[in-house]
Amino acid sequence: MNIHAPVHGALAKAQQFDEQTSAFGSDVIEALSQHPKKLSPKYFYDAAGSELFEQITKLPEYYPTRTELAILRARGGDIHAIIPKGAALVEFGAGATTKVRLLLDRCEFAAYVPVDISGDFLHAQAAELRADFPKLNVYPVTADFTAPFALPDAVEAMPKVGFFPGSTLGNFEPHEASAFLRSAREILGPGSLLLIGIDLEKDERLLHAAYNDAAGVTGRFNMNVLVRINAELGGNFDLSAFAHRAIYNRERHRIEMHLIAKRPQTVRVLGHSFNFRAGESIHTESSYKYSLDRFTALARGSGWTPKASWTDDAKMFSVHALVAGE
Ligand code: AVI
């Protein structure tokens with residue numbers, strides 16, 4: 001199967017939709033049957049969830065996006081200096097193009113390969129970039145970037161630079177983060193570079209504010225997974241019977257997002273019943289925060305050699321350049 005071919009035709013689209021819906025359904029049934037109940041954060045991101053996340057990135061309390069952008073802007077010269085000319089830039093995940101545009105503006109990439117499970121979004125993003133960078137070859141790959149995938153033949157001979165911004169790695173459990181880094185090394189090949197954004201440990205009050213914003217956008221983002229279960233799986237969650245809560249788990253160095261049942265209740269999804277006690281939680285996301293040392297150890301243990309790292313003055317966020325080992 002050629003994973004680079006866009007899905008054509010109504011039938012193929014319907015098939016893809018069915019497969020994704022049934023995977024979502026079985027994951028939800030399994031997640032809600034566990035004790036404690038735990039859902040994957042990947043289910044936040046339908047069109048509405050991605051839009052809510054975009055709003056989060058602009059909130060006054062949510063420092064990661066603007067801090068990472070400031071680091072990429074301030075360190076553009078240093079980054080340019082270590083990037084080989086004519087390289088292919090492989091971005092893991094496709095979102096807003098603001099960060100990648102900074103790299104494309106400064107550095108002479110021959111190709112850009114955005115990789116994302118959502119083909120529609122990916123192709124819209126690719127079209128936007130082709131219009132603004134007419135000399136750049138854009139080869140979108142529709143794939144789950146947490147599993148092995150093949151790069152397009154056209155970039156095979158080019159040096160590779162991976163890009164994984166936004167501290168998305170922080171949403172992986174530590175063993176998943178290590179597995180991702182190993183898989184990225186396999187995909188990009190020995191000697192490749194990886195530019196990766198990592199959120200740093202900091203005063204818990206700043207973390208608490210960033211994930212419990214005053215305008216309640218993070219709460220709506222969290223709740224979106226229940227909206228999806230109702231709309232796509234025929235669930236009957238009463239949204240007013242759940243509350244958003246984000247807490248910092250100091251021992252595990254992570255912000256945890258939860259949806260807390262306000263009262264005892266039974267919810268039905270796809271013919272299954274799930275009981276909730278008052279105060280019972282669905283753990284919907286972990287966002288790990290690293291110290292520079294802990295991240296460096298994780299990278300080394302996953303086959304990467306740290307080459308450079310940059311932070312903002314307040315040491316809120318970090319951007320790392322890693323080199324893939326043999
Ligand atoms: C995408 N990810 C890195 C965000 C984070 O900060 O963990 C998702 C998010 N969750 C709540 N606010 C933002």
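**Entry 1. Helix 3**

I looked up which residues of helix 3 are buried, and found Tyr 63, Pro 64, Thr 65, Thr 67, Glu 68, Leu 69, Ile 71 and Leu 72. Here buried stands for under 20% relative accessible area, exposed for over 50%, and partly exposed for the range in between, with a 1.4 Å probe and protein chains only. I note that this is a predicted model, in which local features need pLDDT of at least 70, side-chain atom pairs count only at pLDDT 80 or more, and totals for chains, interfaces and linings use all residues. Residues are numbered from 1 along each chain as its sequence is written, and side-chain values use heavy atoms, with hydrogens and water left out.

Helix 3 covers residues 63–74; its twelve residues reach 16 Å from first C-alpha to last, close to the expected 16 Å at 1.5 Å a residue. The expected span is 1.5 Å times one less than the number of residues. Helices (H or I, at least four residues) and strands (E, at least two) are DSSP runs, numbered from the N terminus.

I then turned to Arg 73, which is in helix 3. Not counting residues up to four places away in sequence, Arg 73 touches Leu 102 and Arg 106, where contact means heavy atoms within 4.5 Å. I also looked up Ala 246, 173 residues from Arg 73 along the chain; the two C-alpha atoms are separated by 30 Å.

**Entry 2. Helix 5 and helix 6**

I recorded that the axes of helix 5 (residues 98–106) and helix 6 (residues 119–132) come within 12 Å and cross at roughly 30 degrees. Axes are lines fitted to C-alpha atoms, for helices over the stretch in contact, and angles run from 0 to 180 degrees between N-to-C directions. Helix 5 and helix 6 are therefore roughly parallel to each other; angles under 35 degrees count as roughly parallel, over 145 as roughly antiparallel, 65 to 115 as roughly perpendicular and the rest as oblique.

The crossing of helix 5 and helix 6 is right-handed, meaning that the near helix is turned clockwise from the far one by less than a right angle. Helix 5 contributes Val 100, Arg 101 and Leu 104 to the contact, and helix 6 contributes Glu 128, Leu 129 and Asp 132. I sorted the residues of this contact into three nonpolar, no polar and three charged. Ala, Val, Leu, Ile, Met, Phe, Trp, Tyr, Cys and Pro count as nonpolar, Asp, Glu, Lys and Arg as charged, and the others, Gly among them, as polar.

**Entry 3. Helix 7 and helix 10**

I found helix 7 (residues 174–188) and helix 10 (residues 292–301) packed at an angle of about 50 degrees, with axes 9 Å apart. That makes helix 7 oblique to helix 10. Helix 7 passes helix 10 in a right-handed crossing. Pro 174, Ala 177, Ser 178, Leu 181 and Arg 182 of helix 7 meet Leu 298, Ala 299 and Gly 301 of helix 10. This contact of helix 7 with helix 10 comprises five nonpolar, two polar and one charged.

Ser 183 also lies in helix 7, and counts as buried at 13% relative accessibility. Leaving aside neighbours within four places in sequence, Ser 183 is in contact with Ala 147 and Pro 148.

**Entry 4. Backbone in the loops**

I noted a cis peptide bond from His 35 to Pro 36, with omega near -5 degrees. Pro 36 is in the loop between helix 1 (9–33) and strand 1 (37–38).

Ser 167, not a glycine, has a positive phi of about 60 degrees. I placed Ser 167 in the loop between strand 6 (160–164) and helix 7; at 7% relative accessibility, Ser 167 counts as buried.

Lys 315 has a positive phi near 55 degrees, again in a residue other than glycine. Lys 315 is in the loop between strand 13 (304–311) and strand 14 (317–324), and is partly exposed, with a relative accessible area of 47%.
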